Amino acid sequence: MNRTRIASTSPENLPASLKDAQAILSRGEVVAMPTETVYGLAGAAFDEMALTRIFGVKARPTFDPLIIHVSPGLMERAKGADAIDKLRSLRLVDAEKLSPESRKIALVLIKNFWPGPLTLILPKTPFVPDLATSGLPGVALRMPLHPVAQALIDISNQPLAAPSANRFGRISPTTAKHVLNELGDRIELILDGGPCDVGLESTVISVEPLRVLRPGGLDVREIEKVLSASLGRTISIEKATSPVEALSKKAQLSPGMLASHYSPRKPLILLTGAAATLPKLPESAPPLMGLLIWSERDAAICLERFSKLGVTISLVRWMVSAATDPVSEAGVREGARNLFARMRELDDSGDVSEIWAEHCPVNEGLGHAIRDRMTRAAHR
Ligand code: TXA
Ligand code: MG
């Protein structure tokens, strides 16, 4: 394969880059595209050859199903009175298999949260290849917010399957450069849409039964609030099992729930307690220790306190800059945006042999999704 090209999507370059990407997709090949959550590895959703390429490029086991992406343009052009009918005419959703209640829930969620970081599992039609859903009866659907992803789907005039553009089990990419490091020489083209705004993968919700399969970029409390208001009764959505439970059960309802996932190559140890108040430290410090803390505000005190204990930190990175209140909503959003990039920096640094990481201090909403990713990154 030729060297992977990174294509600019600045206004003057966008048309040529999209044309280039579309030509590759129409050959049943794959391209990396930016979304607001993380970069995706896109291929034509109904094309088994493209799906096979996606699994091959990622070295992803075929038991881990793919999310299929639609765009506002595609939905607008599809026939149908509402979004479910449109998804039916796009040959994605078997609307007959949805109960009236579930259909209502799906419509409320689509109306309020698409485009955005919400993936819905809905009953699939026979047209959706089993490869895309790993043989499961539901298909995962999302409408990304990123204009480049939307434009690529529009110009391709078809839904695109796209998992995160990393090798299986690794940290999801949030810049074009990350994709290059992960998949360079395995793919022809990366559309560069800049750093991802959300930084965490979408929240995955199964509609029937109503369940969170993966916490992510959309706060589940926000979903509950909107559903409760629309349906006129309190809706609380059953949460996904813990990673460890999911692993021990073997029954993988949603395979992104694998306990070990989103992993750096180097060992990542989660510290118990706040880094600045000196948490209980692991028994022996590695020679080249990389420290990942939540807030820049704690950097100096951490370095001082760790060094008093005889632990030398070779590199320190933080998720939230000093300018932002680290436990505010803005702080958690900033932390989510930076998490994977900072993890990757420490992982790629020659000065680090092991990563010690402070957990996100907030365990609700987006904070809960961040803790989920960090727990999995630490799991061996
Ligand atoms: O934000 C995102 O969701 C990104 C961007 C590129 O859209 N995509 C992403 O895809 O994170 P991926 O393949 O890395 O994770 C998709 C996860 C699967 O691991 C699985 O947990 C769940 O979505 N999933 C997909 N299809 C499913 C299905 N039919 N039933 C249940 N869960 C499914
Ligand atoms: Mg992934």
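The model is predicted, so local features need pLDDT of at least 70, side-chain atom pairs count only at pLDDT 80 or more, and totals for chains, interfaces and linings use all residues. Residues are numbered from 1 along each chain as its sequence is written, chains are lettered from A and ligands numbered from 1 in the order in which they are written, and side-chain values use heavy atoms, with hydrogens and water left out.

Start at Asp351. This residue sits in the loop between helix H12 (329-348) and strand E14 (354-358). Helices (H or I, at least four residues) and strands (E, at least two) are DSSP runs, numbered from the N terminus. Buried means under 20% relative accessible area, exposed means over 50%, and partly exposed lies in between (1.4 Å probe, protein chains only).

Now look at what surrounds Asp351. Leaving aside residues up to four places away in sequence, Asp351 touches Leu288 and Ser314. Contact here means heavy atoms within 4.5 Å. Gly290 is 61 residues from Asp351 in sequence. In space, their C-alpha atoms are 7.7 Å apart.

Next come the salt bridges. Each one is a side-chain nitrogen of Lys or Arg within 4 Å of a carboxyl oxygen of Asp or Glu. How many does the whole structure hold? A search finds 31 salt bridges.

Take Arg88 and Asp85. Their closest N and O atoms are 3.0 Å apart, and they form a salt bridge. Both residues lie in helix H4 (residues 83-89). They are three residues apart, about one turn of the helix. Arg88 is partly exposed, at 35% relative accessibility. Asp85 is buried, with a relative accessible area of 16%.

Another pair is Asp219 and Arg221. Their salt bridge has its closest N and O atoms 2.7 Å apart. Arg221 is partly exposed, with a relative accessible area of 42%.

Move on to helix H11 (residues 299-308). Lys308 and Glu304 form a salt bridge through their side chains, at 3.3 Å from N to O. These two are about one helical turn apart because four residues separate them in the helix. Lys308 is exposed, with a relative accessible area of 68%. Glu304 is partly exposed, at 44% relative accessibility.

Salt bridges can also share partners. One such network joins Arg167, Arg170, Glu182, Arg265, Arg344, Asp347 and Asp348.
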